[in-house]
Amino acid sequence: MAAAAPPPLPTTTPELNMDLPTSHPLFTRIRLATRLDVPVIHKMIYQMAVFERLTDLCSATESSLSTTLFSKDNPFESFTVFLIEASTKPFPSSSVAHHPKFTPTHKTLNLDYPISDPELEVFKSSTMEEGVIVAGFVLFFPNYSSFLAKPGFYIEDLFVRESYRRKGLGKMLLSAVARQAVAMGYGRVEWVVLDWNMNAIKFYEEMGATVMQEWRVCRLTGFSRCL
């Protein structure tokens with residue numbers, strides 16, 4: 001009787017590489033925009049006009065934005081722009097100047113997948129830091145509530161570029177404006193939203209905002225009848 005074949009040699013189980021990252025960190029920073037940021041602000045305004053189907057109403061130029069937004073160095077008392085920037089590397093601790101009323105804020109997001117941004121070269125930060133990209137912005141200015149007898153902020157634009165949406169960046173920008181209002185003792189923050197943009201409406205309601213159905217926006221663009 002033939003001898004039984006010896007048992008097969010045990011196979012080597014490949015070792016797990018515990019050094020593989022389980023997430024992809026994205027470092028973010030919110031800072032005050034300056035006149036040097038006008039080119040990317042202008043590009044984002046146009047992208048926002050395309051998204052809102054309002055390109056026929058968008059006549060802003062880099063020159064007109066530079067003149068009107070940054071004619072005076074008085075953020076929070078006039079027109080103010082926060083930029084949110086993103087990088088795959090941590091930001092240097094003192095890479096941008098602080099303002100007496102605002103210190104840049106930082107937050108690290110742990111994403112499941114790296115962000116694919118086809119416009120990296122177009123939206124490089126004006127700070128010239130390697131790998132820092134402008135991902136969105138919020139533009140706001142003071143208004144006033146006679147009922148509260150307090151100033152507040154009105155948000156004109158809140159925009160996050162397509163590659164960076166659904167990552168929490170819009171919430172970070174809105175929260176930054178709200179925190180600034182609290183720090184300055186202001187009464188409230190207001191803005192408008194297009195009635196067909198249900199994703200934005202849901203987002204704002206989840207943030208605690210009240211969508212006031214009974215109010216309508218009134219706008220004058222030709223003043224001849226009022227003069």
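Biologist: Which residue in β2 is the bridge partner of R29?

Modeller: This is a predicted model, in which local features need pLDDT of at least 70 and side-chain atom pairs count only at pLDDT 80 or more, while totals for chains, interfaces and linings use all residues. Residues are numbered from 1 along each chain as its sequence is written, and side-chain values use heavy atoms, with hydrogens and water left out. Helices (H or I, at least four residues) and strands (E, at least two) are DSSP runs numbered from the N terminus, and two strands pair if DSSP finds at least two bridges between them. Strand β1 (residues 24-32) pairs with β2 in the antiparallel sense over six bridges, and there the partner of R29 is E85.

Biologist: What is the order of the strands in the open sheet?

Modeller: The sheet has six strands and mixed pairing. Its edge strands, each pairing on one side only, are β3 and β6 (189-190). Within it, β2 (residues 80-87) and β4 (residues 133-145) are antiparallel over seven bridges, and 10 bridges join β4 to the antiparallel β5 (residues 150-160). The order is β3-β1-β2-β4-β5-β6.

Biologist: Which residue in the hairpin of β4 and β5 takes a positive phi?

Modeller: Four residues lie between the two strands of this hairpin. With a phi near 55°, the residue is A149.

Biologist: How far apart are the closest N and O atoms of the salt bridge between E129 and R29?

Modeller: A salt bridge is a side-chain nitrogen of Lys or Arg within 4 Å of a carboxyl oxygen of Asp or Glu. E129 lies in the loop between β3 and β4 and R29 in strand β1, so the pair ties together parts that are 100 residues apart in sequence. E129 is buried at 14% relative accessible area, and R29 is buried at 0%. The closest N and O atoms are separated by 2.6 Å.

Biologist: Which residues do salt bridges with shared partners join into one network?

Modeller: R31 in strand β1 and E85 in strand β2 are 54 residues apart, and their side chains meet in a salt bridge at 2.9 Å, N to O. Both R31 and E85 are buried. Through shared partners, the network consists of R29, R31, D37, E85 and E129.

Biologist: Why do the buried residues of α2 line one face of the helix?

Modeller: In α2 (residues 62-69), the buried residues are L65, S66 and L69. The exposed residues S63 and T67 are on the face turned away from that buried side. Seen down the axis of α2, with directions taken from the helix axis to the C-beta atoms, the buried residues line one face because they fall within an arc of 100°.

Biologist: Which residues form a nonpolar patch on the surface?

Modeller: Patches are made of residues with over 30% relative accessible area and no salt bridge, like charges being joined within 9 Å and nonpolar side chains (Val, Leu, Ile, Met, Phe, Trp, Tyr) within 5 Å. Accessible areas come from the Shrake-Rupley method with a 1.4 Å probe, and for residues only the protein chains shown count as cover. F223, in the segment after α4 (198-206), is partly exposed at 48% relative accessibility. The patch, with about 390 Å² of accessible area together, is formed by L220, F223 and L227.

Methods:
Buried means under 20% relative accessible area, exposed over 50%, partly exposed in between (1.4 Å probe, protein chains only).
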